[in-house]
Structures are given as C-alpha cells and as structure tokens.
Amino acid sequence: MVEVGREFILPPEHRPKPETIDADNIPLIDLSERDSEILAAEIGKACKNWGFFQVINHGVPSKCREKIESASRKFFSLPKEEKKEVSRDEINPYGYYDSEHTKNVRDWKEILDCSAQSSTILPTSHLLHDTELKEFGNKWPTSLPELREAVEEFVVEVEKVALKLVELVAMSLGLRRDRLNAYFNDQSSRVKLNYYPPCPLPHLALGTGRHKDGGALTILAQDSVGGLEVKRQTDGEWILVKPIDDAYIINVGDMIQVWSNDKYKSIEHRATVNSEKERFSIAFFFNPAHYTWVEPLDELVSEENPPRYRGYNWGKFIVTRNRGNFKKLHVKNIQISDFRI
Ligand SMILES: O=C(O)CCC(=O)C(=O)O
C-alpha cells in the first residue's frame, strides 16, 4: 500500500468532508449563442454570483481534447526517471514535478507545466529590486513527440475561447469589447497537466489544495471522475463541479477581480482525490505579459467607488506564487488580499 507522508496531511479545518453536499451545478453557458449582449449578460451574472461557470459549444474540437488527454495519460505513465528528465526547477517554472505545494501543504499529484507560447519571459527572482528577466522554454520527453504536438494544438484552440471570454467579460462590465485584449499581446499563459493518483487517505489530503488563480481567467478540462470543488459565495460550502462531457470549466482569476474593483471575485477552489480512481485534468491559465501593471481599471473606479487595490507587477506576483508552489515555505503564500487598500 502507498504511504501518505505527513507533508500531505491537511490541518483538520481544511480537510475535505466525507460527503459532498447535494447542490446544483455551477452555471452552464452555451457559447454558440450568437447575440453577444445576451452572452455577456449571462457571463456577467455567473462571474458575479459564482466566479465559475461551464461552457459548451465552445468551438474547441473534441479531437483536440482527446489528443491532449491521451498524451497526458501516456506522459504520466512513463517511468519516473524519464519524467524527471524534463523536471521543472526553482527558477524555471516549466516541466514535470511531483512535489507541488499549495499553501505550504504538499498536493497529492504529479504535474507537467508548459509555457503556452514557445517561450515566456519572466523575472528570475521574486525580489522587487532584482530586475533580471529570462526567457523560459518547454521541456518535452523525447519518447513522446505527440505530447508537444497535442499541447501546441490545444493552445491554439483554447486561446480563441479565452479571448472571446475576456471580450464578453469586458462587455459585461460595460467596457469596450476589446478593452482587455492588449494585455495578452505578450502573454505568459500556461498549460498545466494534472495527474492525481488514487490516494489511500483521501479524507486527509487534497490533490490540489484550496487556492485562487492569480491570472485573468482559467479554462479547465476535467475528466469524468470528478473532484473539483468550488467554494460557494453565499454560504462558504464546498460544491462539487459535476463533470459534463466535453465542457470546459471557466473561472475568474485574481486579475479580473482587481480590474473590476471587486465586482467579480476570484473564488477559492480545490481538487479532492479518491482511493480508487486516478483522475486527470488540464488547466489553461490565461495570463498577460510579465510587465503588466495590474490595478483597478480607471473606468470602473470613481469617487464613490475608489480603487480597492494598490497596483502590482504581474511578473513578480507569479514568480512569488511559483516559489511557494515549488516547496514548503515558512511564510504565507502571496495572495491578492495582500494588495487590498
Ligand atoms: O484538477 C482540478 O480540478 C483543479 C486544478 C487546479 O485548480 C489547478 O491546477 O490550479
């Protein structure tokens, strides 16, 4: 039997409950609706009430999804030494890793992080006075060329959905449709393949600990096993996101929370594990360029509604967050609430 080390064990208040409560699913939005005003209103409502929704008829070909899901399964079933040949490290955030931490507790999972572009420029240090930048590329396993192909094809498709969603979010906030587009010209978007092996003590550990996403928005493909839970805003209960075939789960990231000056909230979520089945998910984090200065948008603040956040640099934010994912630190992970005025 596989041992669950102490580093995986959560404090009692953050352990998953044995039973999930019976609740409606998060909102489901059909992206084939042609009237963009109607769509924007639906999306605005979902962002406000849940910070999460699922989309169908999104335009990502199912073949593309099947290809990346199959390549991901093959990758994680490679021998450990082969996966370790493409490991990430403390500075380069792209590659394989089996010891990711969330809020200083180890997650029960293995991951492969990929730059969505052929390479991404990021700061090399979280320290504010250190201005060095470096271009980081992907590492691919030589025995699985289809993985690179699958990730690259997936990015092309999913990025179209991300841009469409960002435009609809802008419209829903009463902004020009393309108001947010330029932030993504030199994007630092990332694809993360998650593999959650069966866990003998699923009530004591999590596959991904509770967290909020730091970027603009996230697009997630989960398999049919299920495990993603979202914190319901009305009562703080953890709600299971029931898998829907070929749907994608969308969530508002911290950046939209800040841009919208709290009109939309980035919501805590987590992934539970189970003792019988392995689970896979694929996340696309839609992130802007490292040099992006994030602050409430001018159009959305006023004398009556003053900015609720001080501005911050995205590159430093994400590099600080990545540091906390890499290993257990003895300081609290950086949070958007640290920038609250
Ligand atoms: O696997 C999931 O359902 C959630 C994954 C997640 O939240 C993440 O990778 O940040």
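Okay, let's start with the four-stranded open sheet, whose order is 10-15-12-13 with antiparallel pairing. Helices (H or I, at least four residues) and strands (E, at least two) are DSSP runs, numbered from the N terminus, and two strands pair if DSSP finds at least two bridges between them. At the edges sit strand 10 (208–211) and strand 13 (238–240), each pairing on one side only. On average, neighbours in this sheet are turned by 20° against each other, direction ignored. Axes here are lines fitted to C-alpha atoms, for helices over the stretch in contact, and angles run from 0 to 180 degrees between N-to-C directions.

Quick housekeeping. This is a predicted model, where local features need pLDDT of at least 70, side-chain atom pairs count only at pLDDT 80 or more, and totals for chains, interfaces and linings use all residues. Residues are numbered from 1 along each chain as its sequence is written.

Back to strand 13: who does Val 230 pair with there? Its bridge partner is Ile 239. Strand 12 (residues 228–231) and strand 13 are antiparallel, with three bridges.

Eight strands make an open, mixed sheet in the order 1-2-14-11-16-9-6-3. Its edge strands are strand 1 (28–30) and strand 3 (95–97), each pairing on one side only. Within it, strand 6 (residues 110–115) and strand 9 (residues 190–196) run antiparallel, joined by six bridges. One example is Glu 110, whose bridge partner in strand 9 is Tyr 195. Helix 4 packs on this sheet, touching strand 6, strand 9, strand 11 (217–222), strand 14 (248–252) and strand 16 (279–286). For contact, the C-beta atoms of two residues, placed from the backbone, must lie within 7 Å.

Helix 4 (residues 145–172) also meets helix 1 (residues 36–49): their axes come within 8 Å and cross at roughly 85°. So helix 1 and helix 4 are roughly perpendicular, a label covering 65 to 115 degrees, with under 35 being roughly parallel, over 145 roughly antiparallel and the rest oblique.

Last stop, the ligand. Around it we find, among others, Lys 192, Asn 194, Gln 222 and His 269; near means a C-beta atom, placed from the backbone, within 6 Å. Strand 9, strand 11, strand 15 (269–271) and strand 16 each give two or more residues to that shell.
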